[in-house]
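Q: I would like to go through this model with you. Could we take it one topic at a time?

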Amino acid sequence: MSRKATVYDVAERAGVSIATVSRVLRQPDAVRPATRERVLDTVSELGYVPSGSARGLAERRTGVLGLYFPGFDASEDAPALDVLAEGQPTRPSFTVEQRTADAGVPQPTMLFLDEVLRGAELEAWKQGFVLMIGVGRDDPGRETVRDIAGRVDGLMVLARSVPDDVLARLARRIPVVVLSGPARGDSYDHVTVDNAEAMAELTRLVFAQADPGGIAYLGGPADSPDGAQRWDGFAAAVAEAGLALDDVTVLRGDFTRASGHAAAQTLIVGGAPAVLVAANDQMALGAIDAFRSAGIRVPEDVRVTGFDGIEAAALSRPALTTVRQPMIDLGRAAVQLLSRRLEQPDAEPMTVRLPLQIIVRESSQRP
């Protein structure tokens, strides 16, 4: 045939519906072998190249999932993750691993959102979807997320990255999964971790190693749900230790390395604390940079901890004590929830809680 073959040509020649053609191309194991072979033979014979629009006509879907980030901060061999196998939310758990150095070949630095993206990409590929990414830099009207929502079957967003009213309107058209932050009585599926308990446990470990002395806390942005939970966990551990929050020096950054550096310079002017607990790794690493420049030793003079478990935390010197988030699994679980929601649109909202791991390294261990 001189013109380009279409899904309709394949369906007519193979004697099947266009939905069956689409199913063969996306989920071949779901089609009877004889039918599958007939369709594949026809596809080869006609030289048909499937398109997203053709699949959409067959299934009323685009085959595309959206992932929206408000902005970025500066493997296919992954172990199996099946958070929905039992149809129940997983429960948080905590493990503590003592390390003095991380072995292995250094890998390129991966920040939190990069790894979430990687996990979503891996799971979307596994599920037969294409992933569309939107980054809403300088996007107060949220035009980016509105545009993405009009092109995808389902949408994943970071908690509080989209105004509640905008998200509610989008959710009336397509399924929405919210990553990080607690469920707030809404109708969305959520993937989250227990930031508060993990931060409390990390703070307890630091306090248990020695008399904490002067304490400083470096928090995240005021509108960050993760930052709020981490503060709650830190405050609970301080109270358990019989210490007064009024005696804690509290500063706020924006989760960037530069803001951690600036906060530490402020602390240095007033006298460096004995302990600095930071709400994320990037700020903790920035603080270590500032302390080093001022001749203040970590951990000899000030013990520092972070949160997230980015690669840079393991590669820093001293290596950073932190809470490792299951960043890749957050992305993978979000895609699994969207896939479930597309198949079961009337199912009850599900919150999946993933486990965290506390990694104790040199930065918090006074010699």
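Q: To start with arginine 204: how accessible is it?
A: Arginine 204 counts as partly exposed because its relative accessibility is 25%. Here buried means under 20% relative accessible area, exposed over 50%, and partly exposed in between (1.4 Å probe, protein chains only). This is a predicted model, in which local features need pLDDT of at least 70 and side-chain atom pairs count only at pLDDT 80 or more, while totals for chains, interfaces and linings use all residues. Residues are numbered from 1 along each chain as its sequence is written, and side-chain values use heavy atoms, with hydrogens and water left out.

Q: Which residues are linked with Arg204 in a network of salt bridges?
A: The network links Arg204 with Glu197, Glu201 and Glu240. A salt bridge is a side-chain nitrogen of Lys or Arg within 4 Å of a carboxyl oxygen of Asp or Glu.

Q: How far apart are the closest N and O atoms of arginine 204 and glutamate 240?
A: They are 2.7 Å apart. For glutamate 201 the closest N and O atoms are 2.9 Å from each other, and for glutamate 197 the value is 3.2 Å.

Q: And where do arginine 204 and glutamate 201 lie?
A: Both belong to helix H8 (residues 195–209), three residues apart, which is about one turn of the helix. Helices (H or I, at least four residues) and strands (E, at least two) are DSSP runs, numbered from the N terminus. An α-helix has 3.6 residues a turn, so residues three or four places apart point the same way.

Q: What about arginine 204 and glutamate 240, which parts do they tie together?
A: Arginine 204 is in helix H8 and glutamate 240 in helix H9, so this pair ties together parts that are 36 residues apart in sequence.

Q: Moving to H9, what do its buried residues pack against?
A: They pack against H8, E7 and E9, where contact means heavy atoms within 4.5 Å. Among the buried residues of H9 are Gly233, Phe234, Ala237 and Val238.

Q: What span should the 16 residues of H9 have?
A: At 1.5 Å a residue, H9 should span 22 Å, and its end C-alpha atoms are 23 Å apart, which agrees. The expected span is 1.5 Å times one less than the number of residues. Just after H9, glycine 242 takes a positive phi of about 75°.

Q: Now the open sheet, in what order do its strands come?
A: Four strands form it in the order E8-E7-E9-E10, with parallel pairing. Two strands pair if DSSP finds at least two bridges between them. Strands E8 (249–252) and E10 (303–305) stand at the edges with a single partner strand each, so one side of each is left without a neighbour in the sheet. Neighbouring strands are turned by 15° against each other on average, direction ignored. Axes are lines fitted to C-alpha atoms, for helices over the stretch in contact, and angles run from 0 to 180 degrees between N-to-C directions.

Q: How many bridges join E9 to E10?
A: Three bridges join strand E9 (residues 275–278) to E10, and the two run parallel. Valine 275 has arginine 303 as its bridge partner in E10.

Q: Which residues touch the most other members of the largest nonpolar core?
A: Met156, Leu276, Phe291 and Val304 do, in a core of 70 residues. The largest share of this core, eight residues, comes from H13. A nonpolar core is a set of buried Ala, Val, Leu, Ile, Met, Phe, Trp, Tyr and Cys residues joined through side-chain atoms within 4.5 Å.

Q: How many residues of H13 are buried?
A: In H13, 14 of the 17 residues are buried.
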